[in-house]
Amino acid sequence: AGIVLFIILNTGFLLIEQRTFATKIVRLAPDAASADRLTGIFADINRRVGTYLALKTLMNTLIAGVSYVILRAFGVEMAILWAVLIGIFNYVPYFGSAMGVALPVMLALVQFPDKEAVLWLFLLLVLAQFAVGNLLEPLQEKVDIIVSNPPYIPSEQIEKLEEDVRIWEPRQALDGGNDGLD
């Protein structure tokens, strides 16, 4: 429950700051050229993230549709609910698809006396996840999102940093060139 509250609060703060974030970043720039460069960088990031989310939504809708067909074919109760949940869970990296498959399969264990049918249901849902996740998603437009902390401190400011930072951090991890953006 604590992690859900944390996520909700952070998402709320991000949405509140959405309109003013770019303005605040541009104010940090030492000159107009740097401000323009920053604005371009943030526009590119925004475009790439938007493209990724649109394509991920398309793939999740596809996996939800395929899962719905499989669940209906087996007669699983509330197939539309489970298919929608599978689509939503697929936004969660790594364990989301496993969680999405596990829930309707657990219901099927209770619903059906024939455990072989449940096994086939499980295998088909996993196969659908595998096909979309490993065969179709890689065909999408390549999306490069680099999550890192690039150098951002202007060269002239390096010597003014606290001693612990100067001594222990590699200079290349700190030095962002003349304007802090190189």
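The model is predicted, so local features need pLDDT of at least 70, side-chain atom pairs count only at pLDDT 80 or more, and totals for chains, interfaces and linings use all residues. Residues are numbered from 1 along each chain as its sequence is written, and side-chain values use heavy atoms, with hydrogens and water left out.

**Overall build**
- The protein chain has seven helices and zero strands (DSSP runs: H or I of at least four residues for helices, E of at least two for strands, numbered from the N terminus).
- Its radius of gyration is 24 Å, well over the 16 Å that the globule rule gives for 182 residues, so the chain is more spread out than a compact globule (taken over C-alpha atoms; the rule is 2.2 Å times the number of residues to the power 0.38).
- Along the principal axes, the C-alpha atoms fill a box of roughly 75 × 35 × 30 Å.

**Burial**
- Of the 182 residues, 22% count as buried (under 20% relative accessible area, with a 1.4 Å probe and protein chains only).

**A look at Ser67**
- Ser67 sits in helix H2, which spans residues 32–74.
- Ser67 counts as buried because its relative accessibility is 1%.
- A polar atom of the Ser67 side chain lies 2.8 Å from the backbone oxygen of Ile63.
- Leaving aside residues up to four places away in sequence, Ser67 touches Ala83, Ile86 and Leu125 (contact means heavy atoms within 4.5 Å).

How values were computed
Buried means under 20% relative accessible area, exposed over 50%, partly exposed in between (1.4 Å probe, protein chains only). A polar contact is a pair of N or O atoms within 3.5 Å; within protein, one must be able to donate a hydrogen and the other to accept it, and residues adjacent in sequence count only if both atoms are side-chain atoms.
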